[in-house]
Each structure stands twice: as C-alpha cells, then as structure tokens.
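Thank you all for coming, and please bring the model up on your screens while I talk.

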Amino acid sequence: MSKTEFNTVSLIRKKREGETLSREEIQYLIRAYTDDRIPDYQMSAFLMASFLNGLDTSEAAALTHSMLHSGIVVDLSHVEGIKVDKHSTGGVGDKLSLILAPVVAACGVPVPMISGRGLGHTGGTLDKLESIPGFTVDVTLDRYKEILEKQNLVLVGQTEEIAPADKRLYALRDVTATVESIPLIAGSIMSKKLAEGIDALVLDVKFGSGAFMTKHEDAVKLAETLVGIGEEFGKQTIAFLTNMEQPLGNAIGNWLEVKESIDCLKGGGPDDVMEITHLLAGTMIYLGRKAGSIEEGIEKSKEAIRDGSAFQKWIDIVEEQGGDSSVIKTPESYPAAAHIEEVAAHGSGYITKMDAFAMGMVSVELGAGRRAKEDSVDAAAGFILHKKIGDRVNKGETFATIHTNKEEMLESAINGLQRAITLDNKPPEKLQQITHMVDKTGLHKYGA
Ligand code: URA
C-alpha cells in the first residue's frame with residue numbers, strides 16, 4: 001500500500017473544483033484521517049466537496065477499498081459453501097432479515113449477517129433481535145466464525161475491527177449534513193459488507209416516503225453504485241428496488257416485528273412482507289448455488305417455511321446466541337406494553353397515502369427508536385396497522401393499535417398516525433412492491 005504523503009488542502013481543492021482523485025489520493029485521505037493526521041475540519045471540507053461534486057465509480061471503489069482495509073476482512077474459508085448476506089438501505093417495519101436469514105440458512109446457504117441499529121425514523125435489526133430476552137449481538141470475531149460454522153447463520157453487530165474508518169466518517173457525516181450522498185452511502189455500506197467475509201450479496205434498495213432515498217431515480221443510482229462496487233470487488237451482487245411508500249407489513253416496533261416475523265416463519269404473515277422476503281431469499285439461495293435460478297430459489301424458500309425447517313433454524317439461532325426461545329415458541333407469553341390504545345380514522349374513504357416517515361417518527365416517540373445516540377429502546381413499544389394503502393375505512397373505525405409504556409406520548413402518537421394517512425373517495429392504484437432489479441448487466445424492469 002502506498003505511504004505517499006499528499007497535501008490535504010490541495011486534495012480538498014481538487015475535489016472542490018470537481019476533478020477526480022486518484023486511488024492513492026483517496027487512500028491517503030482515509031488513512032491519514034483514521035490515524036488522526038487529518039483533523040475533522042479538513043475531512044468535513046472534503047466530505048462536503050464530495051457531497052456537492054460527487055465521486056465517480058473509481059473514486060467510490062477507492063473509498064470503499066480504503067475503508068474496508070482500515071480494519072479486518074474476516075476470513076470465513078473454514079465454513080463450506082458460498083456465504084451470502086442481504087443488506088437493506090432501511091425502512092419502517094422492515095423485519096425481512098429476521099425471516100429470510102433462517103430461511104436461507106435452512107436451505108443450506110451460510111448467512112453471515114452483521115446488522116445495524118435503528119437510524120432516524122427507521123428500525124434496525126439489532127434492536128429487534130435484542131427484544132428477545134437474553135439474545136446477544138455482541139460477540140468476538142472468533143465466536144462469530146464459530147456460530148456460523150455450527151448454525152450456518154450468525155446475526156450480530158459491527159465489531160471494532162470491522163471498517164473502523166467508516167465508523168468515524170459516518171459520525172462526522174452525521175453532523176456535517178453529508179449523509180445523503182450516493183457514493184458516500186455506497187462506500188459506507190459496501191466496506192462493512194465486504195469486511196464480514198461474504199462471497200455474494202443481495203441488496204434491498206428502498207424508495208418512497210419511509211426510505212432514505214425517497215426518489216425512485218436516486219434509489220436506482222444508489223443500487224447501480226452498490227452493485228458496481230460489489231462486482232468490482234469480485235462479489236456477485238444483485239439489487240432490487242422495493243417500495244417504502246408505506247410501512248412494510250403491519251407491525252412497527254421491535255418486539256411487535258419479531259412477533260410478526262414468527263407468524264411469517266410459521267406460514268402466515270402479511271403478503272407484502274412475504275413477497276419481498278421470498279424474492280430476496282430466493283436470490284440468496286440462487287447466489288449460494290443451492291438453486292439454478294431465482295425462481296427455483298423462491299420455491300425453495302417457500303418450501304423451507306412449509307416444512308418447518310426455517311422456523312426450527314430460527315429457534316436454533318436464538319438459543320445459540322443466548323436468547324430465550326420460549327417467547328418464540330409462545331409469543332403470547334411476552335410482556336405487553338402498559339398502554340395499548342386503538343387509533344380511529346378521522347374520516348371515511350380509501351387510504352391513498354401513508355406517510356411512512358411520519359409513522360416511523362411516531363414509533364420513535366413511543367419508545368421504539370432513539371432520539372439521541374445514548375437512548376435505550378423500549379422492546380414492547382410500537383404500533384400495529386390494521387389497514388394499509390388501498391383499504392377502505394369508515395370514520396371512527398380502528399386502523400391502528402398503539403403499544404407504549406409512555407402514557408404521556410399517547411395523544412401525540414394518535415394524532416401523528418391520523419395525520420399520516422390520506423383518505424379519498426376513489427381507490428388508489430395498486431402499489432408495485434418491486435419495480436426493478438440491478439445486476440452486473442444493468443437495470444431491468446422487475447417481472448418484464
Ligand atoms: N447506512 C450505512 O451503513 N451507511 C450510510 O452511509 C447510510 C446508511
């Protein structure tokens with residue numbers, strides 16, 4: 001690796017003028033920042049210049065490479081098979097990892113999954129897993145490898161050794177208004193995913209009111225950048241563009257989502273959740289070479305739920321990671337929130353829109369997410385939606401049920417959910433759950 005010293009101010013100026021930085025120049029910036037040789041104010045200026053002028057594919061790949069090698073790249077060669085993970089760009093009610101990870105592992109594909117916590121209005125897999133009493137997501141790298149070898153599945157959080165440069169840069173981006181940049185997001189996501197030891201990756205890139213990329217065209221660009229980086233690093237990568245115009249499924253909140261995912265693993269669950277779950281799981285099974293096509297992978301995914309092997313895998317991994325499987329076997333035994341309150345529709349008509357961002361913020365207020373980094377989350381908090389876009393409601397009819405331990409938040413949460421739905425006399429057009437697929441050959445209309 002190059003040890004060349006560059007002039008930091010010249011590099012910032014170069015990016016400010018919209019020029020392209022070389023791989024060595026980017027490597028210098030990331031390495032020097034991680035080693036405390038570049039102060040936050042200079043890195044902030046570089047990030048803003050990159051945010052405003054963009055980074056091209058070669059720069060995004062160099063950024064990913066530098067962040068990836070700021071820490072350990074886990075070697076999983078002791079585990080047989082093609083290791084495949086899934087990453088979602090985040091949404092409201094997105095509990096798909098909890099369902100598809102045991103499904104794919106049960107189909108014989110090893111799934112090393114390193115997940116994150118809730119961010120802003122979106123939920124995080126780690127917070128959901130930790131709502132299961134005793135479940136631990138903090139393990140050493142040796143234990144991570146051991147669990148994967150034994151269970152064909154591991155569900156943990158990012159360790160200090162994984163892409164430490166991203167951790168520092170992400171914290172800086174968070175306070176310098178430079179998060180929402182496609183190449184910076186792509187580099188951040190891919191450096192962490194490539195570090196966990198995968199061979200292939202499936203990406204769920206969301207668009208709509210509850211996604212980080214609300215515009216479809218931005219989500220497409222992000223998907224293309226992510227796939228481009230994955231392929232550049234020699235990992236087969238497939239992305240799907242999926243709809244986040246309304247929360248996914250009916251349950252929003254950590255334990256409520258675990259409970260819904262148990263229903264899904266037992267053969268029930270909402271259709272929108274299962275349509276995307278089977279597609280992503282089927283693609284993972286295909287990439288893991290346990291199916292000859294995505295369609296065959298989808299059939300295997302459905303069969304793993306029908307024959308009970310996915311649910312058994314879920315119980316096994318919960319027990320392996322210290323969780324109490326009795327709440328998985330009998331979810332009714334889980335302690336409910338102190339206040340359970342119905343939310344009535346403020347008018348009559350078809351639900352034509354749901355503001356998923358506003359609904360995500362309501363779940364945060366109820367205790368399901370964090371307002372500050374150090375906040376703890378309330379496992380039982382959240383809400384259940386009984387109606388979704390396209391359904392009809394009558395004035396006064398219950399369309400949601402709130403669960404919270406914060407009595408003082410009830411009134412504003414009820415108002416917030418009522419305001420988040422739009423009613424009309426005419427039914428809306430059916431939402432398309434999955435619009436496109438992106439692979440190394442480019443963008444394809446889904447289902448075409
Ligand atoms: N998630 C990440 O991991 N990184 C980003 O930059 C944004 C979302």
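Let me begin with a word that I will need throughout: a residue is called buried when its relative accessible area is under 20%, exposed when that area is over 50%, and partly exposed in between, using a 1.4 Å probe and the protein chains only. What you see is a predicted model, in which local features need a pLDDT of at least 70 and side-chain atom pairs count only at pLDDT 80 or more, while totals for chains, interfaces and linings use all residues. Residues are numbered from 1 along each chain as its sequence is written, and side-chain values use heavy atoms, with hydrogens and water left out.

Now to charges. Lys and Arg count as positive and Asp and Glu as negative, whereas His and the chain ends are not counted. Side chains of opposite charge can pair when their charged atoms come close. Such a pair is a salt bridge if a side-chain nitrogen of Lys or Arg lies within 4 Å of a carboxyl oxygen of Asp or Glu, and by this rule the count comes to 26 salt bridges.

When I name helices and strands, I mean DSSP runs numbered from the N terminus, where a helix is H or I with at least four residues and a strand is E with at least two.

Lysine 14 counts as partly exposed because its relative accessibility is 22%, and glutamate 25 counts as buried because its value is 10%.

Lysine 15 and glutamate 59 also meet through their side chains in a salt bridge, at 3.0 Å from N to O. Here helix α1 is linked to helix α4 (residues 57-68), with lysine 15 and glutamate 59 standing 44 residues apart. Lysine 15 is buried, at 1% relative accessibility, and glutamate 59 is buried with a relative accessible area of 1%.

Arginine 143 is partly exposed at 24%, as is glutamate 146 at 44%. Elsewhere, Arg117, Asp127, Glu130 and Arg370 are linked in a network of salt bridges.

Which side chain of opposite charge is nearest to aspartate 94, a buried residue that has no salt bridge? It is lysine 206, at 4.1 Å. Aspartate 94 lies in the loop between β1 (84-88) and α5 (96-106). A polar contact is a pair of N or O atoms within 3.5 Å; within protein, one must be able to donate a hydrogen and the other to accept it, and residues adjacent in sequence count only if both atoms are side-chain atoms. The side chain of aspartate 94 reaches the backbone nitrogen of leucine 96 at 3.2 Å.

Next comes the ligand. It is surrounded by Tyr170, Arg173, Ile185, Ser188, Ile189 and Lys192, where being near a molecule or strand means having a heavy atom within 4 Å of it. An oxygen atom of the ligand is 2.9 Å from an N or O atom in the side chain of arginine 173. A nitrogen atom of the ligand is 2.6 Å from an N or O atom in the side chain of serine 188. For lysine 192, a polar side-chain atom lies 2.5 Å from an oxygen atom of the ligand. The elements that give two or more residues to this shell are α8 (164-174) and α9 (182-195), and α9 gives the most, with four residues.

Finally, a point about the backbone. Most residues other than glycine have a negative phi, and most peptide bonds are trans. Asparagine 152, although not a glycine, has a positive phi of about 65°, and it is found in the loop between α7 and β3 (153-157). Alanine 163, also not a glycine, has a positive phi of about 40° and lies in the loop between β3 and α8. Asparagine 152 is buried at 19%, and alanine 163 is buried at 0%.
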